[in-house]
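Have a look at the model, then read on.

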Amino acid sequence: MLLDELVKIKEDLLKEIQSASSQKELNDVRIKALGKSGLITSASKGMRDVSPEDRPKLGALINEVRTAIEQALQVKGEKFEQEALNKRLEEEKIDITEPSKFGKVGALHPIPDVIDRLTDICVDMGFSVVEGPEIETDYYNFEAMNIPKNHPSRDMQDTFFITDEILLRSQTSAVQAREMEKRKPPFKIVCPGKTYRNDSDATHSPIFHQLEGLVVDENISMADLKSMLTILMKRLYGEDTMIRFRPSFFPFTEPSIEVDVSCPNCHGKGCNICKGSGMLELLGAGVVNPKVLEMSGIDSKKYRGFAFGFGLDRTAMILNSISNIKSLYKNDIRFLNQMK
Amino acid sequence: MKVTYNWLKDFVNITASPEDMAKRLTSAGMEVEEIIYQNEHLHDVVVGRILKIEKHPQADKLVVCQVDIGKEITQIITAATNVFEGAVVPVSLPGADLVNGVKIQKAKMRGIESCGMFCSGEELGIDENYFEGAGVNGILILPSDMKVGQPIDKALQLDDVIFDINITPNRADCMSVIGIAREVCALYGLYMRKVNLSYDIDVYAKDTVRDYVNVKVTTPNCFRYMAAAVTDVKIERSPLWMRARLNAVGIKPINTLVDITNYVLIEMGQPLHAFDQELIGGSQINVRQAKSGEKIEVLNHNTYDLDEDIMVIADSEKPMVIAGVIGGTNSCINDNTKKCVLESAVFDLKSIRITSRRIGVRTDSSARYSKGVNVANAEMGMLRALHLISRIKCGKIVRGMIDIASQKNEARKIVVSVKLINDILGLQIASKDMLTILNNLGIESTIAGDKITCIVPPYREDLENDYDIAEEVIRLYGYDAYDNVDYELFKNSAVTEGLHHPRLLMERQFRNALVTNGFYENVSYTLVPSDMADKLLLTDERKNLIRIANPISEDISCMRTSMAHSMFTNIAYNLSVGNHNLRIFECGRVYLTDTLPLEKLPTEKDMIALAVCEETFKTVKNMNFNFIKGMVEMILNKTSVDYKLVRSKQPYLHPGISADIIADGKLIGSFGQIHPVVAKNYDIPDYVVYAEIDDDYLASLPVKKIEAKEISKYPIVERDLAIVVDEKITAAEMLDTVKSSCGKLFYDANIFDIYRSQSVGENKKSIAFKIKLSDMNKTLTDEEVNKVVQKIVKTFSYKYGASLR
């Protein structure tokens, strides 16, 4: 009798599990079956009344029924859990396009940023970064750069004067003589900084930034200059950048050159940034005039050097497609926000 | 500097196109900035003769003209009233594109076809000075003997090509047609034609130049003075070819003598001056420094006061010319001039530069003198002028010439090394190529072994050594030699260590940290208006603004002495354009001096400055101060600085809500809320907070060294403690007390609440600390912890009379 009864109980319970529609109903079935006075628990207790020879058979059956019920309860339970989880996940769904309030950062200014980039490249090539005063003597800005008083070369720059002998440096070249007096060759230096000229229009700001480079060693040539500037411009504007020399004049270099760089925008094809020429006039350079070395106490028979200087405002403008130089100094957040 | 293609052809037989020439000149350092085709707007314009004029049947104001244009007779309708049958006129035909933008095509005018238009002088781009009749209001009536059918650009000599060339300051010798011609010769390997310097003299005349003028030079600033005399002067319109040349380079033709002086100026680069001989007092020319008190009215109709720094050409009584710069009205060539004295001189460029700057006058003459005119050039210029007078027959040249020279300039010899030139250039240029280049440049050169001996002509004062010659070689050899140079960087040089600038590197950390905290980096003008010090209420040396002697404008006339001005100005600007919630910073310099005017270079101090203007900070008291303080601590914590805070003395900060940062007994920075008066001065809100720190000081410190402490494996015990003290006791003092009372068990302590109320008491505050204790070797017992807490309370009560709340 018990055996048949157990099979029936099992079938009934399985049906009930099957039809349970909530975790609570399922729990009720669990208690009904496996609780302290549940059907299966009671059946186990009933083992006592069974003859010893029938016990193993009954015991096996009870275990089988228990396992089956437990399994069915677990399967059904997991199903309810999964459903509950799915429901929760669905309910918790948010609009992922809502703007975040966090991680709001500002931005570096393009000029100091380009100084960082350039000085990093130059330090890699063995240059040390130096600075010099912006309020400078006539001697360091001009005379030590082979530009005597009342010399025609002075016409090349409109200078802000403070007194007859003190001025706002018109070129970072003013640091050249200071460093040459301080250092013993061989050395390589670069100097970023502010420069000033009495000139203000759509393409000129009275305050602007330059980067000056100077190398003094025994066997320096124009070919070193070419290699160095090629590497610098490639690292700044990309591997496919090339440079070209053109003759020019600076009192402190001889020979003097202008360096044209292939337009990083059109790669030499011609566009409105390079005005169709494919090249941009970006820097002045040359072999250091031996007179300049001598004036600063360096033996020009033994040492040679090269120097280069370029406008950082223009560089920052090209790198960031900035069209008006004045926007670099307005500090308008709407402008700076684009520099992120 | 403008020169023309035809003018150059006088001296060199160019066959290359103007474009090619411009390219070659540019590649050799004579940058051609523009090529201007004079006849760009003169195509399809020809000389025509009006054969017949009839009234237009449909229009009163129009006439119908039959016009002979050489190859055919064409019909043109005009409203012009100064035309007549037989008149020779410029005719623009269909296809013409005139300088004023008018494009000509066949058109019917009131039913009758018109195949072109007659032109006025203006429509051809010329004026009365250039061609007689070109200035009239109407059609330009051409001379009746002009050949009909020829293109107008040929007929009016408007067919030249003009080059606008940027001459570098070292090449004053190229500020002339002849100078450019020499370059062209060198570039194309051509020979220079000899300049015609011959002129006629009446061999029977007895008078000599001394009968007309005497010259005395008493100033060292005149290196050479030449004078010649011309009689029977004809002051009239100079010939068309001369006017054409002058017009092409932008000089207004005036009359024979004036045009000749200008012609020589452009052609030879030699400024000349022509005097009316009868207006030279005592027939005496004195080249001297002016005396103070002397005055002169010059050709620009201004009168200038002269002094000893200014050189003049004077007669026996009065200054006649400001030497090398501008002529006076008292002695210049005029319509009645019969006899003329011609001057060709060389002056010290420094003297001319000083004078030109002093009186603020720049002329074609001063422009050349201030770049330097070669002593040998005066003679070339004088002879060329006499040749031109003779050629156009505008005067009789008197025998003899006065020539007073204190300087000579002769060819110099320099010896250079082929190896050194190649070492400088980093190229391998053959010595024979160098020789060819130098000889083409007019530098007679010979070679012996490694040495080249160069005979440098007088006009090449810029050439002195191997480096100069290296430049001559490479600029003509062509810099494209470097296009294919693939050279190992610094292959013959020493390895040098590249070092970052310590301050810039440190600032980079600050800048990146600030950007992460929502700050925007600024770069401001270091030049500021002179009211900066007043707006910031400055009282110390920062009141001493260094002023520019020649500022562009008052707004940017002084060097800033405080970053606060830039920061507040930038806040104000951003607010004015509608930007809100501003966090800005700048790394920049201030320029400080204790004495004015400057006798030595001032101190330039590198600072980092921050300013914050956020509306949300209005809502919670002290939040603005707390925020800026947090930012300052963030910066300082990146360095090894040991600092303390005291109440700030900065006049532009709110005295109660600001702090000065003191390290090594020095002020190294300040921060806090803006002073309300300063806020008003800059028109910005009074809750703006500002900070500045001396970056030079921070960069001078040793780099921060981090020493990590081991963390105890036993638990940390926390105790909260609220203590009531007087308002005047600062938080920093109390934290110090807590720390020292905890002894070696101290792990951390912070203030988590400050509470003020009536129940706490007037002028009192309740400060709540969270104190953390720890021991490396054991778990702390309650007993041990309580002992520490009691000690803290005892110390507070003893030191400040404080009580536990």
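What is the order of the five strands in the open sheet of chain B? The order is E11-E14-E17-E18-E19, and the pairing is mixed. Strands here are DSSP runs (E, at least two residues) and helices are DSSP runs too (H or I, at least four), numbered from the N terminus; two strands pair if DSSP finds at least two bridges between them.

Before going further: this is a predicted model, where local features need pLDDT of at least 70, side-chain atom pairs count only at pLDDT 80 or more, and totals for chains, interfaces and linings use all residues. Residues are numbered from 1 along each chain as its sequence is written, while chains are lettered from A and ligands numbered from 1 in the order in which they are written.

E19(B) runs antiparallel to strand E18 (residues 319-322) of chain B, and two bridges join the pair. In one of them, Val321(B) has Gly327(B) of E19(B) as its bridge partner.

Now the domains, whose bounds come from an automatic or database domain assignment. Chain A has domain 1 (2-91) and domain 2 (110-339).

| Domain pair | Distance between C-alpha centres |
|---|---|
| Domain 1 and domain 2 of chain A | 88 Å |

In chain A, helix H2 (residues 23-34) and helix H4 (residues 55-91) have axes that come within 10 Å and cross at roughly 165°. Axes are lines fitted to C-alpha atoms, for helices over the stretch in contact, with angles from 0 to 180 degrees between N-to-C directions. That crossing angle makes H2(A) roughly antiparallel to H4(A) (the label applies to angles over 145 degrees). Among the residues that meet are Leu26(A) and Arg30(A) from H2(A), with Leu73(A) and Phe80(A) from H4(A); contact means C-beta atoms, placed from the backbone, within 7 Å.

Finally, the chains themselves: 83 residues from chain B and 74 residues from chain A make up their contact. On the chain B side, the elements that each supply at least two residues include helix H7 (349-359), helix H13 (502-516) and strand E29 (582-592).

Definitions and conventions:
Two residues are in contact if their C-beta atoms, placed from the backbone, lie within 7 Å. Angles under 35 degrees count as roughly parallel, over 145 as roughly antiparallel, 65 to 115 as roughly perpendicular and the rest as oblique.
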